[in-house]
Amino acid sequence: QVQLVESGGGLVQAGGSLRLSCAASGSIFSIYAMGWYRQGPGKQRELVARITSGDNANYADSVKGRFTISRANAKNTVSLYLQMNSLKPEDTAVYYCNAGWGAGRRDSWGQGTQVTVSS
């Protein structure tokens with residue numbers, strides 16, 4: 001099993017910045033990719049950014065040039081980050097950390113962290 005805990009959400013004005021963090025524990029050796037998803041009010045959950053174990057990253061078109069995903073490995077944990085700059089009101093959503101892991105390509109999700117961007 002892989003457990004994920006997010007932190008770093010909050011309220012920010014348009015044009016501001018926030019950094020989200022996600023700590024992964026458990027079977028971290030089997031993680032092959034991690035990502036950030038978001039779900040805005042009345043919307044479906046969507047991919048924001050994803051990074052593989054080989055550090056290949058891809059982004060949703062709506063966040064390219066503004067958001068940066070990164071990861072850091074330690075002995076017993078993997079940390080995932082999302083640096084969000086030039087935030088817009090349409091970035092308001094609950095942001096979820098995701099990890100793909102295991103031979104069976106299983107998914108783990110964090111509990112979500114709220115990001116609110118005021119205009």
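In the predicted model, a salt bridge joins the side chains of aspartate 91 and arginine 66, with an N to O distance of 2.8 Å. Aspartate 91 belongs to the loop between E8 and E9, and arginine 66 to the loop between strand E6 (57–59) and E7, so the contact ties together parts that lie 25 residues apart in sequence. Both partners fall under the 20% limit for buried residues: the relative accessible area is 1% for aspartate 91 and 10% for arginine 66. Through shared partners, salt bridges connect Arg38, Glu46, Arg66 and Asp91 in one network.

Aspartate 91 also forms a salt bridge with arginine 38, where the closest N and O atoms are 3.0 Å apart. This pair links distant parts of the chain, since arginine 38 is located in strand E4 and aspartate 91 in the loop between E8 and E9, a separation of 53 residues. Arginine 38 is buried, as is aspartate 91. In total, the structure contains 4 salt bridges. One of them pairs lysine 64 with aspartate 61, at 3.1 Å between the closest N and O atoms. Aspartate 61 is exposed, with a relative accessible area of 65%.

An open sheet is formed by 4 strands in the order E1-E3-E8-E7, with antiparallel pairing. Cysteine 22 is placed opposite leucine 80 of E8.

The largest nonpolar core comprises 30 residues, of which Met34, Trp36, Leu82, Met84 and Tyr95 touch the most other members. Two or more residues each are supplied to this core by strands E1 (2–7), E3 (18–26), E4 (31–39), E5 (46–52), E7 (67–73), E8 (78–84), E9 (93–101) and E11 (113–118). The greatest contribution to the core comes from E9, with 5 residues.

Residues up to four places away in sequence being left out, tyrosine 95 touches Glu6, Leu20, Trp36, Tyr37, Arg38, Val48, Phe67, Leu82, Met84, Gly112, Thr113 and Val115. Among these contacts are Trp36, Leu82 and Met84, which are likewise listed with Tyr95 among the core residues that touch the most other members.

Definitions and conventions: Residues numbered from 1 in each chain as written. Predicted model: local features only at pLDDT ≥ 70, side-chain atom pairs only at ≥ 80, totals over all residues. Heavy atoms only, no water. Core = buried A, V, L, I, M, F, W, Y, C linked by side-chain atoms within 4.5 Å. Buried < 20%, exposed > 50% of the residue type's maximum accessible area, 1.4 Å probe, protein only. Contact = heavy atoms within 4.5 Å. Pairing = 2+ DSSP bridges.
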